[in-house]
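Thanks for asking me to look this one over. Here are my notes, point by point, to read with the structure open beside you.

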Amino acid sequence: MITSGIEEKTFVLNLGPQHPSTHGVLRVLLEMDGEYIVAAEPVIGYGHRAHEHMAENRNYHQFLPNMGRVDYLHALAFNQGYCMAVEKLLGITVPERAEYIRVITNELNRLTSHLLWFGAYLMDLGAFTPFLYCFDDREHILDLLDRITGSRLTYCFFRFGGVPADLDEDFIFGCRAFIKRLRSRWVDYHNLVTKNVIFIHRTKDVGVFTKEQCLLYGITGPNLRGSGIPYDIRKSEPYSAYPEFDFEIPIGENGDIYDRYIVRLREMEQSCRIIEQALDKLPNGPIMAEKVPKRIKPPVGEVYQAVETARGEFGIYIVSQGDVKPYRIKLRVPSFANLSLMVESFKDNLVADVVAILGSIDVVIPEIDR
Amino acid sequence: MDMVTQTLGIEGFRMIAGLIGVIALVSVNALFLIWMERKVAAHMQLRPGPMEVGPHGALQTIADAVKLMGKELITPEEVDRPIYYLAPIVVFLPVLLTFLVIPFSQTMIIKDMNVGIVLILAFSTLTVLAILMAGWASNNKYSVFGAIRSVAQNIAYEIPLLVTVMSIILMVGSFRLTDIVAAQSRYWFILVQPLAFILFIICATAETNRTPFDLPEAESELVAGFHTEYSGMRFALFFLAEYTNMFIVSAVAAVLFLGGWRGPILPGVVWFLLKVYAVIFLIMWFRWTFPRVRFDQLVTFAWKILIPLSFVNLLLTALALKIF
């Protein structure tokens, strides 16, 4: 600002790549007129790891751990998407119990992702305390998942044809206890955050995504549902054991930050419902399909599989040429589309709103960079 | 001793003793407040806070201060050097001077001036100058943002603060802080002026740049605002000034609304400090509960709500004084 001439009306503010509110290495160039934004341009790729290229040089098993590292916050959904795609190629049917375990762990993982978002988002808005309450809750889920999957963040739990470990009594008991506890905490969250005047003023009518914009940019997930479009792959293209559970798809009305926030909170409640039902109905049986070949060599073909992650539709497209390695893997990640629209919505907002909108989209940068 | 009092006079001796006392108080107070803030924050956030250094982490701030003193003073290449060096000093001086008139008890006051409250308000406004200097000299866009926000915010909140204080002055008829305390011999002013107290606390929070009005240093937006480019002891001075400012506004709140040093059994100074720390606790409570307001909302809130309200309060006070 100081070095630019007085006659210049706008200046460029560099937000990131190391900024406390970009949640990773996102860089946004903001063209500013005072504190108002004229134009915004994201610079991505700082966390590029060439996942798609790695897939081409590995066999199917070896690529599995990568899936936990694309979206580290909802790793199990990516696990599931990839496993389901490969299973489709191979024509394997996953046993029912394994599908239930997948759903339970997946929804728990969704809860961790939303809880982390909730805490981190309020920290963006300047409220530090909810962050630690959310992490306290999240810790319980991580302990539960750690018990079953063996890891706490970058899960690599699902296998082609099922899951490697069964649920035990302690997990089921701990899960029920956790859901009970989380439900009691929501009262506090709503009283302290949702009803807070400052919070409402910061989020209502800010960063509005219209339905048309969402469809144009291919927005998915809570961001789309916040704008009032009830599109959830768990319902619209049911996969795994989801058709067997009774749950709703919460939607917002205006598509502002507040709606996206409410949608996520209500989604957590629905996740709890799914987990409870799954635990109640948990069938007995094997957890691994029989006759899964040791050496995965799918027939020639192409397959697309979409799953609902905490951020939206994750689609994986695999082209097999009958080799041990996939010919091509394309990852369709939700955050990339979400980021494009977010940058649109920055215009004519304040710097403080940039942080508020950026947080409300819940982007995971490694997912964008892949 | 006699020689000292003869050459300086009793007032001069009082000044020097007071100055030493104030510098000691400022340092100890800042150490205590930082520890207190961390403990308050921790307990509100389901964690124990610092526990390692000293009993319940009581010596943690001293360890931190030692660490800060050992840090390299980094001066970025492009800064405006004279202003950059001067800002941490300028931020601290007015803070020290305000202690001149704060009555810790009936006798424990360095200089009982007849313009006491005006002096405090005047000096506390000077802090904004230092923030502007720091922000501008840092040659960093985020810092300039912080500084500009700070100026706008301080101007906006200074007015309701002054008008609110005016309503108390009207009741007492004196700017002298000891007179204000003396006027509260029967009841505390918070009982008759509850609205004024609320307004004062809001403005004081904004004046000291604390959440929910901590826009000049909003760490999630402006990284750290005006003191982004400061390191080591220079940063520590800003920090020290912030906490001392908090003490001052709380002390003024205690004098204006909570009866100053008045209280049964315990000595006056103990009561005074108890009240001050109670107000400080309230301000800390805000910080760990509320999200941050947006800049335009902050200014709108001041000009459209606080200023009219404070004038209404002033008018009502004047009317009430006329009638009763």
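1. A definition before the sheet: two strands count as paired if DSSP finds at least two bridges between them. With that in hand, and bearing in mind that this is a predicted model, chain A has an open sheet of three strands, ordered β1-β2-β3, with antiparallel pairing. β1 (11-15) and β3 (36-43) of chain A each have a single partner strand and stand at the edges, so each has one side left without a neighbour in the sheet. From one strand to the next, the twist averages 25 degrees.

2. For the pairing in detail, start with β1(A), which is joined to β2 (residues 27-33) of chain A by five bridges in the antiparallel sense. If you want a residue pair to click on, A:Leu15 has A:Val28 in β2(A) as its bridge partner.

3. Further along chain A, strand β5 (residues 312-320) pairs with β6(A), again over five bridges and in the antiparallel sense. Here A:Ile316 stands opposite A:Leu331 of β6(A).

4. Which side chains of strand β6 (residues 328-332) of chain A are buried? Those of A:Ile329 and A:Leu331, which point to one face.

5. Now to the contact between the chains, to which chain A gives 27 residues and chain B gives 25 residues. On the chain A side, α4 (96-124), α5 (129-149), α7 (197-203) and α13 (351-361) each supply at least two of the residues that touch chain B. Sorted by class, that side of chain A has 17 nonpolar, six polar and four charged residues.

6. Within chain B, have a look at helix α5 (residues 141-172) and helix α12 (residues 295-323). Their axes are 9 Å apart and the packing angle is about 10 degrees. Angles under 35 degrees count as roughly parallel, and therefore α5(B) and α12(B) are described that way. The contact of α5(B) with α12(B) is made up of 20 nonpolar residues, six polar and one charged.

7. Finally, the confidence values. The model has an ipTM of 0.75 and a pTM of 0.83. In chain B the average pLDDT is 82, and 94% of the residues score at least 70.

Key
Residues numbered from 1 in each chain as written. Chains lettered and ligands numbered in written order. Predicted model: local features only at pLDDT ≥ 70, side-chain atom pairs only at ≥ 80, totals over all residues. Helix = DSSP H or I, 4+ residues; strand = E, 2+ residues; numbered from the N terminus. Axes fitted to C-alpha atoms, helices over the stretch in contact; angles between N-to-C directions. Buried ≥ 20, exposed ≤ 12 C-beta atoms within 10 Å, placed from the backbone. Contact = placed C-beta atoms within 7 Å. Nonpolar A, V, L, I, M, F, W, Y, C, P; charged D, E, K, R; others polar. Parallel < 35°, antiparallel > 145°, perpendicular 65-115°, else oblique. pLDDT = per-residue confidence, 0-100.
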